[in-house]
Every structure is written in C-alpha cells, then in structure tokens.
Amino acid sequence: MKLEYELRRSARRTMSVEVREDGSVLVRAPRRCPKRQIDRFLLEKQDWIREKVKSQRERQQRAEKVRPLSEAEAGLYKEKAREIIRLRTAYYASLMGVSFERISIRDQKTRWGSCSDKGNLNFNWRLILAPPGVLDYVVVHELSHRKEMNHSPRFWEIVEEVMPDYRKYRSWLRENGGVLHRY
C-alpha cells in the first residue's frame, strides 16, 4: 500500500492510526516495532484509511466553499433560531414532561447547547443552519438533562425514548458542526 504518513514512536504498547482533519495520516507505534509490522498493520486498515481520507478531504472542500454571513444575515438567522428553538423546546418539554426556566440563544464556539442546574437552557444560533433533526436532537439532549444531569446510560435512554434515531443526528453534528462555525 502506497500511503504517505507521519510516524510517531513512543513507549506505547500498541499501534494506532489517525486521519486528521486535513486528510493527513498519523501512525503511532511502539519504539521498537519493526517497519514490516507497521506496514502489515496499515495494510489491514487500508480500506478504513482510504475511506476516512476521502471523507476528510471532501469535508475540507465543502468548508472552503462556505461564505461567511454578513452581520445582517447573521442577525436574521439568530432571530429565526430564537423563534424555532423556543417552539421546538416547548414541544419536546411537553412531550417529555419536563420544565425549564429561560432559553438563551448564543454564539458559542464550543457548545451546541447546555442546561444549568436551575433549568436555564442555552443554544447555539447556528443550529438553525443544520438539518431540522439535528436541531431537535440538541433540544432533546438538553431537556434530557432536566431528568439526568449527566451523560450516564440512563441519560442516553431518555434521549433514545424521545428520539430513537438520535445517533445519526449526533453523528451529523460531529462530522459537519465545524462547517457551521465558519458562517
């Protein structure tokens, strides 16, 4: 397999391969691991590596096509987000039998939503740019914290009771969320 990669050796016991956001490949290996063993490891993982490199490069290309929003455009999206998120939160809170205090729409760089001990909810306005199911997933996620203030198995059961296919929306957000922050 002809594959360019960066090799980092350390005191570790196992090998690992990581495909970075830019599509480059990093291989971590034990200090004394023979090159032929590393090559064999990469050969076993080649299908996964090729698929991951391809998807990372496609994601980079999509990200490069993003045009930042003007202040006026961002303001309109924030207002729309405030309206839609309030409606979706009220709907799901009623469905789940939970209450909440206030809702804030913010420009968070590292979070899509949060829930305080007091029941105050914060949401990132950029959720309005995601598919509707993704926005609903974040709302359900935060409202589930009104029953479980952690990410325990019970918490995820609550999320799944309301949204059985939540994993696909969580996955979409993990894979595409970075692009939303470029607007």
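1. Val19 stands opposite Val25 in S3, and S2 pairs with strand S3 (residues 25-30) in the antiparallel sense over 4 bridges; two strands pair if DSSP finds at least two bridges between them. Strands here are DSSP runs (E, at least two residues) and helices are runs of H or I (at least four residues), numbered from the N terminus.

2. This is a predicted model, in which local features need pLDDT of at least 70 and side-chain atom pairs count only at pLDDT 80 or more, while totals for chains, interfaces and linings use all residues. Residues are numbered from 1 along each chain as its sequence is written, and side-chain values use heavy atoms, with hydrogens and water left out.

3. The sheet is open and is formed by 3 strands in the order S1-S3-S2, with mixed pairing. Its edge strands, each pairing on one side only, are S1 (6-10) and S2 (16-19).

4. His145 sits in the loop between helix H3 (132-144) and helix H4 (153-162), and His145 is buried at a relative accessible area of 7% (buried means under 20%, exposed over 50%, partly exposed in between, with a 1.4 Å probe and protein chains only). Leaving aside neighbours within four places in sequence, His145 is in contact (heavy atoms within 4.5 Å) with Cys115, Asn150, His151 and Phe155.

5. Cys115, one of those contacts of His145, is buried at 13% relative accessibility, and Cys33 is buried at 8%. A search of the whole structure finds 0 disulfides, a disulfide being a pair of cysteine sulfur atoms within 2.5 Å.
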